[in-house]
Amino acid sequence: MSPRGTGCSAGLLLTVGWLLLAVLPSARGTNVTAAVQDAGLAHEGEGEEETENNDSETAENYAPPETEDVSNTNVVKEVEFGMCTVTCGIGVREVILTNGCPTGESKCVVRVEECRGPIDCGWGKPISESLESVRLACIHTSPINRFKYIWKLLRPDQQSIVLVNDSAILEVRRENHPLAFECDTLDNNEIVATIKFTIYTSSELQMRRSGLPVTDVALIFVLTVGVIICVFIIFLLIFIIVNWAAVKAFWGAKASTPEVQSEQSSARYKDSTSLDQLPTEMAGEDDALSEWNE
């Protein structure tokens, strides 16, 4: 091998060595930089996670209170029922709200509903009558066409006769003998009320009408006399209370008068007794003198 070839090979080796030395540190620096960057990212990720955890814990600890929706709250409403307009059959009554009225009132009427009582209403009175005819009415409420009505002519010890009329009003002419009618009010084929009527003859009606004024006059007279007596007693008691001193003196004088009269009568009796005894004593003295003279 020539010296020139040896010099070239040595120079080539030096060049390759320098190149390797230059490449290896740069690769190491790149790896170190990547490792440092990865570590920084890791620390940043951990910091973000801790921050998120702290934020969530803070949000949980300082969560705002839930507000109640007042519009959705239910107000307790108290309801009571008014008196039924009838004591038997069917009528109406008021439904009264005692709490939760819209205008703030203590009570308010919510609605009107149907109410029912005992079915049998006994004997009723006609709605109008004259000497020739009578008008009778079944028990019903509005609307009148809601119910079904059955009229019957009652006969003693016999089966009643069902009339053709099925309306709520029945007009009957008076006859020579009293009549009795009955009306059944049905709702959905169920009897809800029944009432009876007695139709008197014209002569009986006149007798009843003529007997009523006498009774009324006697009743008015008795009530008037009773009221007058009560007023008189009240005024007398008031007079006695106001003038109690004068009344007491008057009754004292009245009570002392019999005592004085009794004392005077007793004194007179004593005087008469003493006068009766004087002649007897004088007669005794005369007898003693006559004996002494002898």
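This is a predicted model: local features need pLDDT of at least 70, side-chain atom pairs count only at pLDDT 80 or more; totals for chains, interfaces and linings use all residues.
Residues are numbered from 1 along each chain as its sequence is written, and side-chain values use heavy atoms, with hydrogens and water left out.

The protein chain contains three helices and eleven strands, where helices (H or I, at least four residues) and strands (E, at least two) are DSSP runs numbered from the N terminus. Along the sequence, the elements follow the pattern α-β-β-β-β-β-β-β-β-β-β-β-α-α. Of the 294 residues, 16% are buried; buried means under 20% relative accessible area, exposed over 50%, and partly exposed in between (1.4 Å probe, protein chains only).

Helix H2 spans residues 202-242 and includes Val-222. Val-222 counts as exposed because its relative accessibility is 54%. An unreviewed UniProt entry lists residues 217-246 as "transmembrane region"; such annotations may be inferred rather than shown by experiment, and the positions are given in the numbering used here, with feature names shortened. In the model, residues 217-246 are 97% helix and 0% strand, with the end C-alpha atoms 42 Å apart.

Strand E6 (residues 133-137) holds Ser-133. With a relative accessible area of 15%, Ser-133 is buried. Beyond residues up to four places away in sequence, Ser-133 touches Glu-171, Val-172, Arg-173 and Arg-174, a contact being heavy atoms within 4.5 Å. Ser-133 and Arg-174 are separated by 41 residues in sequence, yet their C-alpha atoms lie 5.5 Å apart.
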